[in-house]
Structures are given as C-alpha cells and as structure tokens.
Amino acid sequence: MKQILNNLSKLAKDKHNENKKYFDKLKKKPPKNLDYIMQDLHDAEFKKTDCLKCANCCKTTGPLFTLADIERISKHFRQKPQQFIDQYLRIDEDKDFVLKSVPCTFLDNENYCMIYDVRPKACREFPHTDRNKFYQISNLTLKNVEICPAAFNIVEEMKKKLPL
C-alpha cells in the first residue's frame, strides 16, 4: 500500500490536466445516466478496496465538521459541544470547523476510526464518488484522486466508460 500511495501523488499530478479537461467537458454536458454509472464504478471499486489498509484520507486531510456532526460526536463523548470544539477543532480560513491537526485524532494505529459509528458526514461520504450530480464536485474530485487510490481508480474507469 505504501508503494501505491507513494506513486499516487505523482500519478494524480501527471493526470491532473487530462482530468481537469475531462471534468470541464463533463460539466458542460453531463450524460443523463452519469449518477448510475458512478454508483456502479464506486461499488465495483469498493468491493476490492480495503480502506483499513490505507487510511490516507485520515492521515493527510481532515474533514469539515458540521454542527450536526459536533452535536452527535460530543454527545458520544458525553461532552458539551463547546468542550468538543475547544478540545479537537479549529475554524479554518473558510470559517469551517476542522481538526486542529492531522493525522486525525480519532485514527488508531491499525487504521480504525475510534468514532466510526458517529464519524462526520464528510468522512462517511468520502471520496464522494457515489454522490448524485457527481459532475458538480469536479474540483473536490481532482483533490481526492491525489489522496485516495480508490478515487483515482474510479476516475480512470470513468474516463474509459464515458469517453468525452
């Protein structure tokens, strides 16, 4: 897995311009069945991808925490939301709540999430490749292919299945 992650950044950078052009075309004229195709590609990739072997998303980036996330997680810890915020979060330049530091505080040394059942929405939905109206999140996807081997593979398969 380390080998794949070492190559992922270079591979993603090499494909960046190609992917950007592809997504620009996709935005202009998204196929009617795009969400179904993306769901199939997502499902196929995650049948063979074990996130526990990687956890690069948890090691290199932090999710946004919504107010609902903060409420749910602080309740899990039997804390007041403000205590949770003070202990774990900061406000970033976009005025969003994010972790004070990465790797994620809640990732253990076997790549398990210690708050998996109450994890933030952003974590539950990552890498967002099965999202409806997928074409609307191309900038996010371009970032995610640099972080997530599964997202990289899904985009490569997408380009084969939907040549533009």
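In helix α4, which spans residues 67-76, the buried residues are Asp 69, Ile 70, Ile 73 and Ser 74. Because these residues cover an arc of only 115° around the axis, they lie on the same side of α4. The model under discussion is a predicted one.

The opposite face may be considered next. Turned away from the buried side of α4 is a face that carries the exposed residues Leu 67 and Lys 75.

The buried residues of α4 pack against several elements. Two helices take part, α5 (81-88) and α6 (121-125). The strands β1 (64-65), β2 (89-91) and β3 (97-99) are also packed against by these buried residues. Beyond the helix, α4 is followed by Arg 78, which has a positive phi, near 55°.

**The cysteines**

The structure holds 0 disulfides. For Cys 54, the closest cysteine sulfur belongs to Cys 148 and lies 6.5 Å from its own sulfur, which is too far for a bond, since a disulfide requires the sulfur atoms to be within 2.5 Å. Cys 54 counts as buried because its relative accessibility is 9%, and buried means under 20%.

The sulfur of Cys 123 has its closest cysteine sulfur in Cys 58, at 6.2 Å, again too far for a bond. With a relative accessibility of 32%, Cys 123 counts as partly exposed.

Definitions and conventions:
Residues are numbered from 1 along each chain as its sequence is written. This is a predicted model: local features need pLDDT of at least 70, side-chain atom pairs count only at pLDDT 80 or more; totals for chains, interfaces and linings use all residues. Side-chain values use heavy atoms; hydrogens and water are left out. Buried means under 20% relative accessible area, exposed over 50%, partly exposed in between (1.4 Å probe, protein chains only). Helices (H or I, at least four residues) and strands (E, at least two) are DSSP runs, numbered from the N terminus. The arc is that of the directions from the helix axis to the C-beta atoms. Contact means heavy atoms within 4.5 Å.
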